Amino acid sequence: MPMVSVIIPTYNRLRELREALTALTKQIYQDFEVIILNNNGEPLTSVVADFQDKLTITAIDLPENHHVRARNHGVSLANGRYILLHDDDDLLLPSHIEEAVGDLEAGADLTYVDAELFTYDWQQDHRVVKTTEPFAYPYDREAMKEDSTYIPSGSLYRKSLHEELGLFDEDVFNYWDWDWILRVGQDHLVLHPARATVLYAFNPSGNHESAKQDASRRVYFERLVEKHELPTTEMKNFHIVQEERRSRLRETRRTFSGHLTESE
């Protein structure tokens with residue numbers, strides 16, 4: 001059995017998914033399986049075929065586009081002792097899984113790292129980085145109740161947490177990750193080392209897309225606030241949090257070369 005199960009929900013991002021899988025082939029630590037959940041998007045056949053001899057992949061086609069339910073389905077299929085969450089448009093630097101496994105073997109129940117936010121342009125079939133900046137804030141559970149600085153992509157945790165805490169909460173939908181870090185942090189050890197080994201796609205247009213969805217997201221946000229008795233009534237995305245908190249960025253280890261793919 002693999003030690004780690006990498007769970008990747010995806011929806012119509014074949015080019016980005018290909019880059020994410022390429023980055024996984026370059027991981028120093030290779031004792032993992034990859035579970036891809038296709039949220040009723042275009043077929044993944046060509047992508048999976050290109051990596052079948054390089055990675056242990058299970059690809060599942062789902063009948064709907066529901067990213068939280070997809071992650072829960074991935075957890076149900078996972079064979080690993082540890083779960084690694086992975087968004088389809090993000091990438092992991094080569095040392096990421098090795099170091100994260102080390103964190104758990106040292107006693108953490110969940111570990112997540114700082115991120116290298118990158119903006120990009122498309123050149124033919126791959127992304128070229130325009131700008132980078134760190135998203136690096138200390139972990140503090142009480143502060144996490146005001147604003148979520150938890151980027152779940154790349155986070156690694158013990159699969160046994162689901163036996164104690166249940167699956168991701170589908171009822172809070174867009175805020176499943178904020179809910180998860182609050183639930184885990186209540187009685188378990190969360191580690192947040194100062195190393196930026198997650199490359200987080202940070203397309204400025206996403207800020208506007210999130211704003212358009214504020215009305216539909218409000219119901220999920222209010223459920224989260226009530227569930228955890230949060231001291232906030234303001235909905236924010238990572239764009240807003242980064243803008244407000246830049247002066248509080250911590251020092252973090254940054255090793256990203258600026259190139260997502262070898263073809264650059």
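Student: Which residue is the bridge partner of Ala196 in E12?

Tutor: Arg254 is the bridge partner of Ala196. Keep in mind that this is a predicted model.

Student: What makes E11 and strand E12 (residues 253-254) a pair?

Tutor: Pairing takes at least two bridges between two strands. Two bridges join E11 to E12, and the strands run parallel, so they qualify as a pair.

Student: Which other strands does E11 pair with, and how do they run?

Tutor: Strand E5 (residues 91-92) is joined to E11 by two bridges and runs antiparallel to it, with Leu91 bridged to Leu199. Strand E7 (residues 114-123) is joined to E11 by five bridges, and that pair runs parallel. There, Leu117 has Tyr200 as its bridge partner.

Student: Why is E11 called largely enclosed?

Tutor: Buried means under 20% relative accessible area. Seven of the seven residues of E11 (residues 195-201) are buried, so the rest of the structure largely encloses that strand.

Student: Is Phe118 buried or exposed, and how do you know?

Tutor: Phe118 has 0% relative accessibility. The cut-off for buried is under 20%, so Phe118 counts as buried. This residue sits in strand E7. Setting aside neighbours within four places in sequence, its contacts include Leu91, Val129, Leu199, Tyr200 and Leu260.

Student: How far apart are Phe118 and Lys130 in sequence and in space?

Tutor: They are 12 residues apart in sequence, and their C-alpha atoms are 7.1 Å apart.

Student: What is the order of the strands in the open sheet of seven strands?

Tutor: The order is E3-E2-E1-E4-E9-E6-E10, and the pairing is mixed.

Student: Why do E3 (57-62) and E10 (190-191) stand at the edges?

Tutor: Each has a single partner strand, so one side of each lacks a neighbour in the sheet.

Student: In what sense do E4 (residues 82-85) and E9 (residues 156-158) pair, and over how many bridges?

Tutor: They are antiparallel, with three bridges between them. At least two are needed for a pair, so E4 and E9 pass. Leu84 stands opposite Leu156 in E9.

Student: Which helix packs on the sheet?

Tutor: Helix H3 (residues 67-77) does, touching strands E1 (4-10), E2 (32-39), E3 and E9. The directions of H3 and E2 make an angle of about 145 degrees.

Student: At what angle do the axes of H7 and H9 cross?

Tutor: The axes of H7 (residues 176-187) and H9 (residues 214-228) cross at roughly 10 degrees and come within 10 Å. Angles under 35 degrees count as roughly parallel, so that is what H7 and H9 are called.

Student: Which residues of H7 and H9 meet?

Tutor: From H7 there are Trp178, Asp179, Leu182 and Arg183, and from H9 there are Phe221, Leu224, Lys227 and His228. Sorted by class, the contact has four nonpolar, one polar and three charged residues.

Student: What makes H7 largely enclosed?

Tutor: Of its 12 residues, 10 are buried, so the rest of the structure largely encloses the helix. Among those buried are Trp176, Trp180, Ile181 and Val184, along with the charged Asp177.

Student: Which residues have the most contacts inside the largest nonpolar core?

Tutor: Those are Val4, Leu21, Leu24, Val34 and Ile97, in a core of 37 residues. Beyond four places in sequence, Leu21 touches Ile8, Val34, Ile36, Val47, Phe51, Leu55 and Ile57. There is also a second, separate core of 32 residues, with Tyr157, Trp176, Phe221 and Met235 among them.

Notes: Residues are numbered from 1 along each chain as its sequence is written. This is a predicted model: local features need pLDDT of at least 70, side-chain atom pairs count only at pLDDT 80 or more; totals for chains, interfaces and linings use all residues. Side-chain values use heavy atoms; hydrogens and water are left out. Helices (H or I, at least four residues) and strands (E, at least two) are DSSP runs, numbered from the N terminus. Contact means heavy atoms within 4.5 Å. Axes are lines fitted to C-alpha atoms, for helices over the stretch in contact, and angles run from 0 to 180 degrees between N-to-C directions. Angles under 35 degrees count as roughly parallel, over 145 as roughly antiparallel, 65 to 115 as roughly perpendicular and the rest as oblique. Buried means under 20% relative accessible area, exposed over 50%, partly exposed in between (1.4 Å probe, protein chains only). A nonpolar core is a set of buried Ala, Val, Leu, Ile, Met, Phe, Trp, Tyr and Cys residues joined through side-chain atoms within 4.5 Å.
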